[in-house]
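Thanks for coming. Please have the sequence and the model open while I talk.

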Amino acid sequence: MDVLAPEATPLALPESLLIDSPVRAEIEQFLYFEARLLDDRRYSEWLSLCADDIFYWMPMRRNRLTRDRSRELTEVGELAHFDENKTSLRWRVEQLNTNLHWSEAPPSRTRHLVSNVQATPAATAGEYDVVSNFICYRNRLEQDVDIWAGERRDVVRHVAERQWQLAKRTIILDQNVILSANLSVLF
Amino acid sequence: MISHEELRSYVRWEDGLISPHIFSSDDIYELEMKRVFGRSWLFLAHDSQIPRPGDYFATYMGADPVLIVRQADGSVAAFLNACRHRGMKVCRGDEGNSKAFTCNYHGWSYDTAGRLVSVPSREHVYGEDFDMSRWGLAPVARLDHYQGFWFGSFDPSIVDLGTYLGPFRYYMDTFLDTMPGGIEFIGGTQKAMMGGNWKFAAEQFAGDSYHAATSHISDFAVTTPPELMPVRDQSGDHGPVGFHQFSTLGGHGAGFNTTRNARRFAAAGATDVIDQYQDSIEPDVLARYGEDAASIYRGVIQHANVFPNLSFLSNPTTVRVWHPKGPAGMEMYSWVYVDKDAPAEVKDQLRWITQHHFGPQGLAEQDDGENFSAIGSNLSLRGPETHKLMLHYRMGLSDTAGDTQPAKGGRVKGMGEMPQRLFYRRWLELMTDSGE
């Protein structure tokens, strides 16, 4: 049992989280910016925020008993809900733009909410590990409602002044069985 | 209680007319759990999912929760995942390895064979005469396997699995038994809930090659290069060139295309390693099964369903089950299979491309989820006028029903809805058999 002793001192905020606030603010704005593009259905512009070497991955989450707990997430190379590179993300964006993709035609109404942003410098200069929580609300047709909540573990890369790209995104969705008719939205 | 006459009026399979009632009625759903799911062979798990003693996989047989567990002697046991004391699930993991299954309500504990082995304070609270041997987990009446696929049935008098599969085995062999090592499932079970009745998905995999051109037009538009599109040449007999359908009185069905680039069309976007690998296997298939089966392997099984709810595709390589969840809901369990002895690169490409077309995120299957769910919600209010409609299952109505070739089942060229009609013929046969 992992229980704090009475005399334990408060857990300190990791120093790595205390990066310059202008950088942190810009990273947060980048996350809001890309969320806005998705909600505004500006998918091609969203795709420009994905690096050519992006790895965009949503593993599956399994109910595991105590001794198998470490195997909750599927691993890279096993089945995943998303396992994307730039080519397959482009397929998804092009598909959304066909107006023949019936899951999104007529289009859904989505709202991507991003919060709890924590950014730390990554090992590579100009890259940051950014963890955030999200809720994506989708309302479509007459009464269809889906709510996806989860965590994203991103690597964001500073490319040029005011230009950032996603180099990596791991999406930890808080669902075991996917509860929506499809996953036709991007996270 | 719904009468047999009423059921027959809803399923006029000879005329190709089906009533929406069978997709929306609570009474019909409850009856089919007993008469269809209670009397069929149902897929549980593949050998590769439970290789070691104590490995288990939690699934469903119709509406009943079931555990399948590898035994110490290499055999397999399956039983209801419901404690005999209050009906609690004794295993709440999806898959894993365990020495015992202990209910977390009162602590009754069962071994991997389902025997009750421990009851807290047993002698004090139940006395000396409590007979633990009578209160094990309820076993699934029959277990059998084919090509590493384990099936269970609640019907103790059901025919053996080989007889049940009948000529479907011929088609299974062409995509599951091409390499000496057989196939394996890649790790992970993808689970997704969709609205709509389970039969929409099962009948689609049995016989519906017709929907793809419309439902999946946006997948083709973005993944499929023009040189692969001639496979959609509609100038063949009743549809695409090289297309055939299989159906059988057992209710199983499949559609396949024997033109060489059909499989590349079906797995568009994959790298050439899959194609090169499959070309290299083809002579073995030819040697083992002959030209007819090799022509199916050379092309592709574009859809297949084992009655009632186990579906396959041979490229991309997926296996899935449609678990019924009430008249207007189904849960898909989906897997990717690969030849066990295939190179790692081939396995990885098959996994990647399969999951890019199929699954709730698949470029194709997203829109199946949309369509199934939308039909489900359209029928869910049971509008009386909508339910007066008889839905049109009449494509290829003049095709001959039945097992015209004992080893290969009934076969027709081109598209048609004979597999769907025979699916519902079998469904009606079971539904109107009161067992008396």
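First, the ground rules. This is a predicted model, so local features need pLDDT of at least 70 and side-chain atom pairs count only at pLDDT 80 or more, while totals for chains, interfaces and linings use all residues. Residues are numbered from 1 along each chain as its sequence is written, chains are lettered from A and ligands numbered from 1 in the order in which they are written, and side-chain values use heavy atoms, with hydrogens and water left out.

Chain A has three helices and six strands. Here helices (H or I, at least four residues) and strands (E, at least two) are DSSP runs, numbered from the N terminus. Along the sequence, the order in chain A is α-α-β-β-α-β-β-β-β. Its C-alpha atoms fill a box of roughly 60 × 45 × 30 Å along the principal axes.

Now the interface. The size of an interface is often given as the accessible area lost when the parts come together. For chain A and chain B, the buried area is about 3,400 Å², and carbon and sulfur atoms give 52% of that. Buried area means the accessible area (1.4 Å probe) that two parts lose on being put together, summed over both.

Counting contacts (heavy atoms within 4.5 Å), 38 residues of chain A and 46 residues of chain B take part. On the side of chain A that touches chain B, strand E2 (80–84) and helix H3 (86–96) each supply at least two residues. That side has 14 nonpolar, 14 polar and 10 charged residues. In these classes, Ala, Val, Leu, Ile, Met, Phe, Trp, Tyr, Cys and Pro are nonpolar, Asp, Glu, Lys and Arg are charged, and the others, Gly among them, are polar.

Next, salt bridges, each being a side-chain nitrogen of Lys or Arg within 4 Å of a carboxyl oxygen of Asp or Glu. Over all chains the structure holds 47, and four are found across the interface of chain A and chain B. How far apart are the closest N and O atoms of Glu95(B) and Arg62(A)? In that salt bridge the distance is 3.8 Å. Glu95(B) sits in strand E7 (residues 95–97) of chain B, and Arg62(A) in the loop between strand E1 (50–59) and E2 of chain A.

On to cavities. On a 1 Å grid over the protein atoms alone, a cavity is a set of points where a 1.4 Å probe fits but cannot get out, and lining residues have an atom within 4 Å of a point. Grid points are joined across faces, edges and corners, and a volume is the space filled by probe spheres set on the points. The search of the whole structure finds six cavities of 30 Å³ or more.

The largest cavity holds about 180 Å³. It is lined by 17 residues, and the closest to its centre are Phe175(B), Gln278(B), Tyr297(B), Ser314(B) and Thr317(B). E20(B) gives the largest share of that lining, three residues. By class, the lining has eight nonpolar, seven polar and two charged residues.

The second largest cavity holds about 90 Å³. Its lining has 13 residues, with Leu38(A), Tyr43(A), Glu104(A), Thr110(A) and Val185(A) closest to the centre. E3(A) gives the most to this lining, three residues. The classes here are five nonpolar, four polar and four charged.

Last, the backbone. Most residues other than glycine have a negative phi, and most peptide bonds are trans. The bond from Ala105(A) to Pro106(A) is cis, with omega near 5 degrees, and Pro106(A) lies in the loop between H3 and E3 of chain A. In chain B, the bond from Phe307(B) to Pro308(B) is cis, with omega near 0 degrees. Pro308(B) is in the loop between strand E17 (300–306) and strand E18 (310–314). Arg41(A) has a positive phi, near 60 degrees, and lies in the loop between H1 and helix H2 (43–47) of chain A.

Key
1 Å grid on protein atoms, 1.4 Å probe; cavity = no way out; pocket = protein on both sides within 12 Å on 5 of 7 lines; lining within 4 Å.
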